[in-house]
Amino acid sequence: MSLEAAVAAPFRDRGRERLGEGEFVVALSLDRDWFTPDQAKRLVDVAAGRGLLSREGDDLVAEFDPAGVAVPDGFVPDESVLREQSTFERVLSALTDAGVEKQTAVAAINERQRELGVTIEAAAVLYARGRGVAVGDVAGRALAELED
């Protein structure tokens with residue numbers, strides 16, 4: 001996943017799992033020249049929303065093992081990593097990562113939505129859980145969307 005690789009790179013470069021937010025932004029914008037400083041700050045927000053980073057004071061803490069993430073030579077993340085994915089997109093991504101064909105998943109989710117009369121997000125979570133795909137982090141978000 002390019003988001004995870006982009007977030008892991010500054011931590012891997014420095015051999016740490018905690019960096020100051022400014023240090024993280026400089027690593028992505030000046031050291032690697034992947035993003036502007038504003039885009040790097042946006043990446044922090046997206047990564048925090050996805051549970052990859054947490055904030056402790058002025059520091060960013062990796063909530064995964066950065067050393068365990070491959071950052072291939074010549075890797076440059078696409079700007080699409082700066083866009084926060086919807087709940088549905090996140091569940092669909094988890095399903096495809098688990099080996100479910102995207103078209104099959106979308107068709108089954110749409111069918112589940114029609115059968116149950118729930119939101120597409122709720123149907124996606126139910127389908128993923130039925131397939132044994134862990135989406136606990138997204139399930140709460142889908143529940144919140146149901147309550148809105």
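Colleague: Which residues of α6 are buried?

Modeller: This is a predicted model, and a residue is called buried in it when its relative accessible area is under 20%. In α6 that label falls on I120, E121, A122, A123, A124, V125, Y127 and A128. Because eight of the eleven residues of this helix, which spans residues 120-130, are buried, α6 is largely enclosed by the rest of the structure. After α6 comes G132, which has a positive phi, near 80°.

Colleague: How many of the residues of the protein chain count as buried, taken as a percentage?

Modeller: The chain has 148 residues, and 41% of them count as buried. As for the overall layout, there are seven helices and three strands, and read from the N terminus their order is α-β-α-α-β-β-α-α-α-α. Along the principal axes, the C-alpha atoms fill a box of roughly 50 × 35 × 25 Å. Among contacts with a separation of 6 or more, 57% are between residues 24 or more positions apart.

Colleague: Let us turn to the strands. In which sense do β2 and β3 run, and how many bridges join them?

Modeller: Pairing is read from the bridges between two strands, and here β2 (residues 53-56) and β3 (residues 59-62) run antiparallel, joined by four bridges. Within that pair, E56 stands opposite D59 of β3. The hairpin they form has two residues between the strands, and G57 takes a positive phi there, near 65°.

Colleague: Which strand pairs with β3 over three bridges?

Modeller: That strand is β1, residues 18-20, and its pairing with β3 is also in the antiparallel sense.

Colleague: Into which domains is the chain divided, and how far apart do their C-alpha centres lie?

Modeller: The division gives domain 1, covering 3-82, and domain 2, covering 87-145. Their C-alpha centres lie 27 Å apart.

Colleague: Now the pockets. How much space lies in the largest pocket, and which residues lie nearest its centre?

Modeller: A pocket is best read by its volume together with its lining. The largest pocket holds about 230 Å³ of space, and eleven residues line it, with L3, R50, S80, V81 and Q85 nearest the centre. By class, that lining divides into four nonpolar, four polar and three charged residues.

Colleague: What is the volume of the second largest pocket, and which residues are the closest to its centre?

Modeller: Its volume is about 160 Å³, and of the 13 residues that line it, R50, R90, A94, D137 and V138 are the closest to the centre. The lining of this second largest pocket has seven nonpolar, one polar and five charged residues. Helix α4 gives the largest share, five residues, while α4 and α7 (136-147) each supply at least two. Domain 1 and domain 2 each provide at least three residues of the lining.

Colleague: R90 is among the residues closest to the centre of that second pocket. Why does R90 count as buried?

Modeller: R90 counts as buried because its relative accessibility is 7%, and the cut-off is under 20%. Its place is in helix α4, residues 87-97. Leaving aside residues up to four places away in sequence, R90 touches G49, R50, Q85, D137, V138 and R141.

Colleague: V81 was named near the centre of the largest pocket. Where does V81 lie, and is V81 buried or exposed?

Modeller: V81 lies in the loop between β3 and α4, and because its relative accessibility is 7%, V81 counts as buried. With residues up to four places away in sequence not counted, V81 touches S2, L3, F35, L43 and V46.

Colleague: How far is V81 from V138, between C-alpha atoms?

Modeller: Their C-alpha atoms are separated by 18 Å, with the two residues 57 apart along the chain. V138, for its part, is among the residues touched by R90 and among those closest to the centre of the second largest pocket.

Terms used. Residues are numbered from 1 along each chain as its sequence is written. This is a predicted model: local features need pLDDT of at least 70, side-chain atom pairs count only at pLDDT 80 or more; totals for chains, interfaces and linings use all residues. Side-chain values use heavy atoms; hydrogens and water are left out. Buried means under 20% relative accessible area, exposed over 50%, partly exposed in between (1.4 Å probe, protein chains only). Contact means heavy atoms within 4.5 Å. On a 1 Å grid over the protein atoms alone, a cavity is a set of points where a 1.4 Å probe fits but cannot get out, and a pocket is an open set with protein on both sides within 12 Å along at least five of seven lines; lining residues have an atom within 4 Å of a point. Grid points are joined across faces, edges and corners, and a volume is the space filled by probe spheres set on the points. Ala, Val, Leu, Ile, Met, Phe, Trp, Tyr, Cys and Pro count as nonpolar, Asp, Glu, Lys and Arg as charged, and the others, Gly among them, as polar. Domain bounds come from an automatic or database domain assignment. Two strands pair if DSSP finds at least two bridges between them.
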